[in-house]
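Work through the exercises below with the sequence and the model at hand. Each task is followed by a solution in steps.

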Amino acid sequence: MSQTNDTTINNNKRPAHTTTTTTTTYLPAAMKKAKSEAVASSLDRNKNGIPFCFDDPPSPTNIEDDPTNPNYDVVAHSSGGGGVTSNLSRKKATPPHPAKKLVIKLLKAKPTLPTNFEDNTWASLKSAISAIFLKQPDPCDLEKLYQAVNDLCLHKMGGSLYQRIEKECEIHTSAALESLVGQSEDLVVFLTLVGKCWQDFCDQMLMIRGIALYLDRTYVKQTPNVCSLWDMGLQLFRKHLSLAAEVEHKTVFGLLKMIESERLGEAVDRALLNHLLKMFTALGIYSDSFEKPFLDRTSEFYAAEGVKYMQQSDVSDYLKHVEGFMMLMDANRIDDLQRMYSLFFRVNALEILRQAISSYIRKTGQGIVMDEEKDKDMVSSLLEFKGSLDTIWEESFAKNEAFCNTIKDAFEHLINLRQNRPAELIAKFLDEKLRAGNKGTSEEELEGTLDKILVLFRFIQGKDVFEAFYKKDLAKRLLLGKSASIDAEKSIISKLKTECGSQFTNKLEGMFKDIELSKEINESFKQSSQARIKLPSGIELSVHVLTTGYWPTYPPMDIRLPHELNVYQDIFKEFYLSKYSGRRLMWQNSLGHCVLKAEYPKGKKELAVSLFQTVVLMLFNDAQKLSFQDIKDSTGIEDKELRRTLQSLACGKLPKGREVDDDDSFLFNEEFTAPLYRIKVNAIQMKETVEENTSTTERVFQDRQYQVDAAIVRIMKTRKVLSHTLLITELFQQLKFPIKPADLKKRIESLIDREYLERDKSNPQIYNYLA
């Protein structure tokens, strides 16, 4: 059996990081023919006399035998193969002794760093820092410099290193700024030198920070109230800039002159201006050193500008000159408005800008809404105006919530300057978009337009006016087959329902139900025995059965129908009443429309005409020429409606304004030609008459009176006794349309006359409810 005792010494080139590893194998107690050996591990000294030390391994040890034994061997190496030992020294062999106990003791000498280690390391770092500031090459590469900083920090010398770096940086920073004193009198050249000095300083500090990054990450982070190397550099630059008062003053003065030159229209180096202003901001002296003189000079400049324009221009030109904000808004200058918002935000003056927005919207919007000559374009102009405001709000005003509310309030004010007209025009604008014939408009574009119109609808106070005109136009689209898309019709009603509730759209939804039910009734009628047996040949009839409460009110208009149509109506009436007993049918002739087949000498045509036009045209089956009075007597059509009908049939190609006179006569036009086979002549049914408009408006006011009366009775029934002022206040809260106090007073007087209320005998300003 052999035993191995190895002592391995690993001597690296750097004394401070040399590692010693010791491996000891103890001898077994009962070994035959083995020599008594003691194994010791000793430490050699390197050429500089520095002991090898450890990073983390155990401290170096001496392994000794019993000091009373004078004979021992030092074994450098033994192989486990042949038991041959190479001895460093040999002594006379002695008889074997019993195994002895080994004792491990720590070294008494503590490892030490080389003499002047910190000073020598700093010398190389100082040389490098000086070379960086002086823009000179340094023989020592960056990796060695980084390692030198690392070594100093590991040996707890970070604080001293930080102070030395700070001192060295201060020397060079001070010298750089002092070199600017007394430089060029040309302000632009001087500012260029300052800008270059600042840029060089930033580059140099970044390089120094890169070398001493380990110092920033260890000592600076672990030590309170010690700033990073970058911030330390900024503090030094700020300190010596303030000490070089001439440099700081001249820089500020030069910047103000550059800004003034640009205001006067001269070209300046904006990149240099921006660079130096960022320097003031980075150094934290923008407010103290630059902002105050900048604001003072700005006030002085524009005060002088105002005096100059007042002396050289008249009042109107001066006002145009100072209305910069209005011009920016009108021109939709997104970027300029965004800069204005940022400036106002920085000086906490957004309230002034918000008030300017409100004033602009009210003034501009008033010009759109109050110009009666441009009523036709009012809605499209309002949509365009609202779209531009939304874009400015999103892109220029950072979607500020207060500005959004301001835009809404101002828009609501302007759209209600004319109480009922905007609501009416919005309904008619919707009618135009939903009518058949809007070519080139996709479903997506139509849906987007409806959403924009709905935004305007939200601002309307008199929504009952919108409902009345919208319902009137919807009825014509449905009954005359002029709707562009039933899906779009239902979509807008769904949106209105979401906005105003189901009560607002209840009648509109009922109109669609009637149309669907009418289709079923017509199918059932065509399959009935009455239709198969009694209907005249050559005629097809489709009937819309309408629920009176859902649809607009139409004045009854009597007419003498051709015999065939009268027979058809009677047969349908018989069928309907047999199916729905107890109901009453009333024919609305003004809403009927027909397709006539006409034979002209130059070809056959199909004419899409109204029922009134049909009755007039069929008279010419039995006559070649008829006077106005003959036609009137034969048809029974009301005078004004007949003139309108004849004008649409006979005066289509005559100059506008041609009226039908009492002595006019009408002939069948045998020379009529047209490129199309089917010709639409019933467009007059879609056109709104003055009487129709007046009737719709009057119905709205009548309905409002009923609502006011119901609200007064409801409030008084609950309160029993109430003063005039409190009653008016509660009415304004409950009513959803604009109304004047004088109109409310009239309704109160009407209820007093009808004995719903009475005045208090002791105080006429108090009302009592009468049960």
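**Exercise 1. Identify the element that gives the most residues to the lining of the largest cavity, and describe that lining.**

Step 1. Helix 1 contributes the most, with three residues. A cavity is, on a 1 Å grid over the protein atoms alone, a set of points where a 1.4 Å probe fits but cannot get out, and lining residues have an atom within 4 Å of a point. Helices (H or I, at least four residues) and strands (E, at least two) are DSSP runs, numbered from the N terminus.

Step 2. The model is predicted: local features need pLDDT of at least 70, side-chain atom pairs count only at pLDDT 80 or more, and totals for chains, interfaces and linings use all residues. Residues are numbered from 1 along each chain as its sequence is written, and side-chain values use heavy atoms, with hydrogens and water left out.

Step 3. Grid points are joined across faces, edges and corners, and a volume is the space filled by probe spheres set on the points.

Step 4. The lining of the largest cavity consists of Leu125, Ala128, Ile129, Val149, Ile165, Ile208, Ile211 and Ala212. Two or more of these residues come from each of helix 1 (117–133) and helix 4 (187–211).

Step 5. By class, this lining has eight nonpolar residues, no polar and no charged ones. Ala, Val, Leu, Ile, Met, Phe, Trp, Tyr, Cys and Pro count as nonpolar, Asp, Glu, Lys and Arg as charged, and the others, Gly among them, as polar.

**Exercise 2. Describe the second largest cavity by volume, lining and residue class.**

Step 1. Helix 6 (229–243), helix 7 (245–263) and helix 8 (270–283) each supply at least two of the lining residues. Helix 7 has the largest share, three residues.

Step 2. The classes are eight nonpolar, one polar and one charged.

**Exercise 3. Which elements and residues line the second largest pocket?**

Step 1. This pocket (an open set of grid points with protein on both sides within 12 Å along at least five of seven lines) has a volume of about 2100 Å³.

Step 2. It is lined by 43 residues, and the closest to its centre are Arg263, Tyr302, Arg339, Met340 and Leu343.

Step 3. Two or more lining residues come from each of helix 7, helix 8, helix 9 (286–312), helix 10 (315–322), helix 11 (324–330), helix 12 (334–346) and helix 13. Helix 9 has the largest share, with 11 residues.

Step 4. The lining divides into 24 nonpolar, eight polar and 11 charged residues.

**Exercise 4. Check the span of helix 17 and list its buried residues.**

Step 1. Helix 17 covers residues 443–459, which is 17 residues. The expected span is 1.5 Å times one less than the number of residues, so helix 17 should span 24 Å.

Step 2. The end C-alpha atoms of helix 17 are 25 Å apart, which agrees.

Step 3. Its buried residues (under 20% relative accessible area, with exposed over 50% and partly exposed in between, 1.4 Å probe, protein chains only) are Leu446, Leu450, Ile453, Leu454, Leu456, Phe457 and Phe459.

Step 4. An α-helix has 3.6 residues a turn, so residues three or four places apart point the same way.

Step 5. The cover over the buried residues of helix 17 includes helix 14 (378–395), helix 15 (401–415), helix 16 (421–434), helix 18 (463–479), helix 19 (486–500) and helix 20 (502–526). Contact here means heavy atoms within 4.5 Å.

**Exercise 5. Where do Lys135 and Glu755 lie, and are they buried or exposed?**

Step 1. Lys135 is in the loop between helix 1 and helix 2 (142–154). Its phi is near 60°, a positive value in a residue other than glycine.

Step 2. Lys135 counts as exposed because its relative accessibility is 53%.

Step 3. Glu755 is in the loop between helix 28 (741–753) and strand 13 (757–759). Its phi is near 65°, also positive in a residue other than glycine.

Step 4. Glu755, at 63% relative accessibility, therefore counts as exposed.
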